[in-house]
Amino acid sequence: MGQQYTPSPQSHVGEEGSSSNTPIWGTTDPETGLLWICPDNEYFVPRDPVMDFISDQLFRNYNEAWTSWTAIPTENRNAWFDEFMRKHMSLPEHRAALRKAYNARAARWLSQKLYNLRHGGRGRRDWLPQDTANQLFDNWATNEKFQEKSVKNKQNRAKMEGPSYVGGSIPMTEWKRKLAETGVPPESVGWAAFERTHSRQSEGSDEREWINSRAHTVAENYTKLSQERDSQRETDPSSSVCDNDSLFIQAAGGFDKKGRVFGYGAAASRLKPTKRSSSGIEDVSADEMKKMKALTAQMTQEQERMLEEQEKMRQMMIQEREMMEERMAKEREMMEERMRRMQEEMMRQMQIQLKSLMNKGSGSALGDDDHAGDDDDDHNAPV
């Protein structure tokens, strides 16, 4: 199932809605049967089963000649991530970090697969159809920007002296956990991980040697800075000194443009200081603090005023709606009354007409009887 890792205890609600204490990452949820995961910079905890899922997912869905992860349509990547989230359990607050890690791992997986494909030749197509592979080779052969980047990368690799990392496929964060489990103190685990992943056993000796000159320079700088810090502690025990991680960042030359530190990789992102002052509120003058408080009070008052206006508008809308409903009800009653009166008038007119017709019929019948009497008189008259 992979290595288990439990962060600081908190009370959370799982993404599927089940309430529980902080889960143990890498274990199966008893209700859903899904694996609990959490982000770890650009990786996951647990690592192996999650990476297996992403690999299988990309194997199933890579069906066009996409030359990079970002070349895949956004709707496809969103659908794949949604499937990833449905198949795992996580905390709601981890979703953004999980998306970042998912993109990083999927992009790395695809980049490595395409690299292997290019160097394996057109006949290597164990994970995609031959037609798709041919389209990729045609794109690479005709894309000038890709050709320029490829040449530049080859030149950079040619300048490298030896490997840049000998930790295998295990990221620095995993090495730190492994070494911590062996008893390495927390304050030293970062340096121990760097030694493990950037040095190797010398042939015919028990000593280790650095894999390249850059790692060697960082090690020398770190040793020198550590000695200076220890001397300062002996001279003034109450003085504030840097911790090991801060010393290593200095020794490695600080953060690059992507927020990484040589030897720490993506794990250095959690050590990068924010734009806010590291010393906190003491760096703010009294006048600035007074202005900030006044501005905060002003903003609070403005917010309260806006809320009051919103409440007034809401009440006005309610009143207008009630008045409109009342007016419509009255109009409906008036309309119904008019309809009733019209129906009564129509019935009255119909009765009058019917009565008139009946009267006319009676008068006609009486006239016929009178004429019949006249005929009899004519017959009885003398000739």
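A: The answer starts with the pair of helices, then turns to the rings and the rest of the chain.

The model is predicted. Helix α3 covers residues 95-120 and helix α4 covers residues 130-142. Their axes are 11 Å apart, and the helices pack at an angle of about 85°. An angle from 65 to 115 degrees counts as roughly perpendicular, and α3 and α4 are therefore roughly perpendicular to each other.

Which residues make the contact of α3 with α4? From α3 come Leu114, Leu117 and Arg118, and they meet Leu136, Phe137 and Trp140 of α4. Sorted by kind, the residues of this contact are five nonpolar, no polar and one charged.

Two of the residues on the α4 side can be taken together. Phenylalanine 137 and tryptophan 140 are three residues apart in helix α4, so about one helical turn separates them. Their rings also form a pair: the centres are 5.4 Å apart and the planes stand at 85°. Planes over 60 degrees apart count as edge-to-face, so this pair is edge-to-face.

Are these two residues buried or exposed? The cut-off for buried is under 20% relative accessible area. Phenylalanine 137 has 12% relative accessibility and therefore counts as buried. Tryptophan 140, at 6%, counts as buried because it is also under that cut-off.

Arginine 118 lies over the face of tryptophan 140, at 5.0 Å from the ring centre. Tryptophan 140 thus has a ring partner in phenylalanine 137, and arginine 118 over its face.

Arginine 105 lies over the face of tyrosine 43, at 4.1 Å from the ring centre.

Ring pairs are also found elsewhere. The count for the model comes to 17 aromatic pairs. Ring pairs link Phe44, Phe53, Tyr62, Trp66, Trp69, Trp80, Phe81, Phe84 and Tyr102 into a cluster.

Proline 46 lies in the loop between β5 (43-45) and α1 (48-61). A cis peptide bond joins it to valine 45, with omega about 0°. Serine 202 is in the loop between β7 (199-201) and β8 (208-210). At 16% relative accessibility, serine 202 counts as buried. Leaving out residues up to four places away in sequence, serine 202 touches Glu207, Arg208 and Glu209.

Last comes the chain as a whole. The chain has 10 helices and eight strands. Of its 383 residues, 27% count as buried. Among contacts with a separation of 6 or more, 50% are between residues 24 or more positions apart.

Key. Residues are numbered from 1 along each chain as its sequence is written. This is a predicted model: local features need pLDDT of at least 70, side-chain atom pairs count only at pLDDT 80 or more; totals for chains, interfaces and linings use all residues. Side-chain values use heavy atoms; hydrogens and water are left out. Axes are lines fitted to C-alpha atoms, for helices over the stretch in contact, and angles run from 0 to 180 degrees between N-to-C directions. Helices (H or I, at least four residues) and strands (E, at least two) are DSSP runs, numbered from the N terminus. Angles under 35 degrees count as roughly parallel, over 145 as roughly antiparallel, 65 to 115 as roughly perpendicular and the rest as oblique. Contact means heavy atoms within 4.5 Å. Ala, Val, Leu, Ile, Met, Phe, Trp, Tyr, Cys and Pro count as nonpolar, Asp, Glu, Lys and Arg as charged, and the others, Gly among them, as polar. Rings of Phe, Tyr and Trp (its six-membered ring) pair if their centres lie within 6.5 Å; planes under 30 degrees apart count as stacked, over 60 as edge-to-face and the rest as tilted. Buried means under 20% relative accessible area, exposed over 50%, partly exposed in between (1.4 Å probe, protein chains only). A charge sits over a ring if NZ of Lys or CZ of Arg is within 6 Å of the ring centre and within 35 degrees of the ring normal.
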